[in-house]
Amino acid sequence: MEAHASTGNTYHALSPARIWVLATSTLTQLVRMKVFYFLIIFIALLFGAGFLFISLSFEQELKLLKDIAFGAMSLFSLIFAIVGTAILIPKDVEDRTLYTILSKPVPRREYLAGKLLGVLLLVGISLLAMDVIFTAILYLRQNIILTNQLGILDAKEIATPENIENVTAIIKNQGVRWELQAAVFSIFLKAAVLASICMLLSTFATSTMFTIIVGFAIFFIGHGQSLAREYFLQGTFSSPVEKLITVFLAILFPDLQLFNLTDGVVSGEPVPIELLLKITAIAALYLVIYNVVAILIFSEKEL
Amino acid sequence: MKGHKSTLLALAIIVTSGVLRLPLEARLEKQLTEHHFREGTPGLDMREQLGQMGFVAAFGGFRSLVASMLDMLAYISFSNSEWGEVDRNYALICRLQPRMEKYWELASWHMAYNAVSYYKNSNPATEQIRQAVKDSLVSDYIERGKSYLQQGLVFLPENANFHRDLAHIFRDKDPNPPKAAEHYRKAFELSQRAHLERNYAYELVKCSEPNRWREAYEILKRHYDLGDRHRSASVIRDLKILEKRLHIPVILRIEEGQ
């Protein structure tokens with residue numbers, strides 16, 4: 001779909017280039033808030049987890065390192081997704097940037113898409129940085145543990161090929177595997193869904209605080225939803241009101257547990273590609289739904 | 001008016017898409033369960049055991065992290081010889097991550113070995129406890145150790161290490177050669193590790209039935225015939241016992257003086 005402006009230049013009703021410009025400027029805006037200092041905390045956490053608890057068994061040590069890394073990744077991406085998105089529109093209104101942008105031939109849908117993409121870029125870059133640091137520390141720790149364990153087998157004179165193979169397999173199963181990247185990707189998908197919900201909320205929210213609080217509430221409801229559904233199916237809920245609330249929650253809110261691959265990955269479960277694709281498709285579906293609704297509301301909003 | 005129309009349309013989209021996506025989500029949930037990415041629904045009692053914050057964290061996507069933190073608490077309790085706390089923590093940990101082999105193994109080891117040694121061996125901290133009470137505690141903790149491994153087998157039925165550890169308990173802590181043999185056999189069948197087959201044979205030697213001795217003899221002789229590396233002191237010791245019991249002809253017996 002395209003129209004011709006009076007200047008003679010081609011005007012696209014939906015321009016990826018304009019969305020990209022908005023996304024990168026949003027990313028710059030967020031980066032200028034010095035958000036990347038969180039990486040210092042992340043590195044400190046990982047070094048603490050990786051090198052302080054050496055009295056635990058090597059399997060416990062590696063698991064703890066992964067748990068803390070994934071926990072921190074989930075937490076930081078959650079904060080970026082919710083807070084990063086919640087502050088964008090109110091800040092643009094406050095700085096009057098919103099009016100400058102919308103007075104140009106930029107449709108509101110592109111403005112929203114650009115802003116959301118900017119937040120997703122921030123979440124993506126942060127997760128990538130954390131993933132690189134985490135993988136490097138895990139690889140380092142894994143090799144130190146492997147060398148130590150093989151040394152112990154040698155010292156005890158039980159370094160048979162069978163024992164070496166066994167110890168190596170256990171350590172490698174708890175060490176760097178491609179599934180860890182799949183888990184990081186699932187954290188990104190969850191953050192993306194939350195960001196799109198917060199974008200929707202901020203189109204009608206009256207304050208940033210409202211969006212942030214409701215965003216966090218949705219995060220917990222989204223995780224409790226599958227639990228409520230299970231209780232519903234098991235017949236734990238007996239009253240019609242409880243049942244109605246469960247159905248209402250399931251229809252209205254996203255099921256965020258669907259994006260939780262980290263627990264299984266830490267336990268050593270393999271991730272089939274088909275499963276990862278389906279989770280990605282569900283996340284894409286959520287993004288489309290929430291964005292369409294956000295555009296609908298924002299298009300009619302009086303600014 | 002137009003604004004109201006948009007709001008209604010937005011609500012209609014959310015509700016309709018919510019209804020349409022429910023079966024998709026249910027199917028995906030089922031697949032996640034099949035691939036062991038769901039650890040089952042926790043009972044409402046877990047909320048009391050974990051506390052409000054722990055429960056929220058565990059089901060807010062930090063289940064594995066909560067399990068690791070409880071594991072550290074269990075380690076502290078173990079260092080202070082607080083066996084009840086160790087048990088309580090591992091019961092929760094194993095419910096949170098039932099497919100994590102190491103947790104079942106650790107729980108069983110703490111109960112059947114560490115707690116049992118604490119009450120069995122001479123220890124200033126337990127001097128005031130009556131011997132009958134100590135004996136009862138020893139027996140309870142051995143049972144608890146076994147129980148963890150048996151529960152673990154429900155979630156990981158193909159796990160050879162659980163059978164191996166159960167066999168160790170039936171060999172060392174609660175002597176029962178037929179049961180120890182049975183678990184060593186299962187551990188060997190699942191892992192094909194040669195030493196487990198030898199352990200199976202050693203336990204068969206302790207049994208009272210001649211057909212078990214015959215089976216033990218065949219296994220140990222097969223290992224012996226593989227060469228010097230496989231002729232351990234235990235293999236030679238048990239082969240000599242079995243040769244006498246089964247009246248093996250002298251010509252077929254292993255060399256004397258080994």
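User: Looking at H5(A) and H7(A): is the crossing left-handed or right-handed?
Analyst: The crossing of H5(A) and H7(A) is right-handed. Bear in mind that this is a predicted model.

User: Which residues make the contact?
Analyst: From H5(A), the contributors include A:Leu112, A:Leu116, A:Val119, A:Leu120, A:Val123, A:Gly124 and A:Leu127. From H7(A), they include A:Val184, A:Ile187, A:Phe188, A:Ala191, A:Ala192 and A:Ala195.

User: How does that contact divide into nonpolar, polar and charged?
Analyst: There are 14 nonpolar residues, four polar and two charged.

User: And at what angle do the axes cross?
Analyst: Roughly 155°. The axes of helix H5 (residues 108–155) and helix H7 (residues 178–204), both of chain A, come within 10 Å. An angle over 145 degrees counts as roughly antiparallel, so H5(A) is roughly antiparallel to H7(A).

User: Switching to the interface. How many residues of chain A are in contact with chain B?
Analyst: 41 residues of chain A are in contact with 40 residues of chain B.

User: Which helices of chain A each supply at least two residues of that side?
Analyst: Helix H3 (58–94), helix H8 (208–234), helix H9 (240–252), helix H10 (262–266) and helix H11 (273–300) of chain A.

User: Which one gives the largest share?
Analyst: H11(A), with ten residues.

User: How many residues on the chain A side are charged?
Analyst: Ten are charged. Another 20 are nonpolar and eleven are polar.

User: Now B:Trp83. Where is it found?
Analyst: B:Trp83 sits in helix H3 (residues 83–96) of chain B.

User: Buried or exposed, and why?
Analyst: B:Trp83 is buried, because 21 other C-beta atoms lie within 10 Å. The cut-off for buried is 20 or more.

User: What is B:Trp83 in contact with, leaving aside neighbours within four places in sequence?
Analyst: B:Ala115, B:Tyr118 and B:Tyr141.

User: How many residues apart in sequence are B:Trp83 and B:Tyr141?
Analyst: They are 58 residues apart in sequence. In space, C-alpha to C-alpha, B:Trp83 and B:Tyr141 are 9.1 Å apart.

User: Last one, helix H8 of chain B. How many residues does it have, and what is its reach?
Analyst: H8(B), residues 194–206, has 13 residues. Its first C-alpha to its last spans 19 Å, close to the 18 Å expected at 1.5 Å a residue.

User: Which of its residues are buried?
Analyst: Among them are B:Leu196, B:Arg198, B:Tyr200, B:Tyr202, B:Glu203 and B:Val205.

User: What do the buried residues pack against?
Analyst: The buried residues of H8(B) pack against helix H6 (160–172), helix H7 (177–191), helix H9 (210–224) and helix H10 (233–245) of chain B.

Definitions and conventions:
Residues are numbered from 1 along each chain as its sequence is written. Chains are lettered from A and ligands numbered from 1 in the order in which they are written. This is a predicted model: local features need pLDDT of at least 70, side-chain atom pairs count only at pLDDT 80 or more; totals for chains, interfaces and linings use all residues. Helices (H or I, at least four residues) and strands (E, at least two) are DSSP runs, numbered from the N terminus. A residue is buried if 20 or more other C-beta atoms lie within 10 Å of its own, exposed if 12 or fewer, and partly exposed in between; C-beta atoms are placed from the backbone. Two residues are in contact if their C-beta atoms, placed from the backbone, lie within 7 Å. Axes are lines fitted to C-alpha atoms, for helices over the stretch in contact, and angles run from 0 to 180 degrees between N-to-C directions. Angles under 35 degrees count as roughly parallel, over 145 as roughly antiparallel, 65 to 115 as roughly perpendicular and the rest as oblique. A crossing is left-handed if the near helix is turned anticlockwise from the far one by less than a right angle, and right-handed if clockwise. Ala, Val, Leu, Ile, Met, Phe, Trp, Tyr, Cys and Pro count as nonpolar, Asp, Glu, Lys and Arg as charged, and the others, Gly among them, as polar. The expected span of a helix is 1.5 Å times one less than its number of residues.
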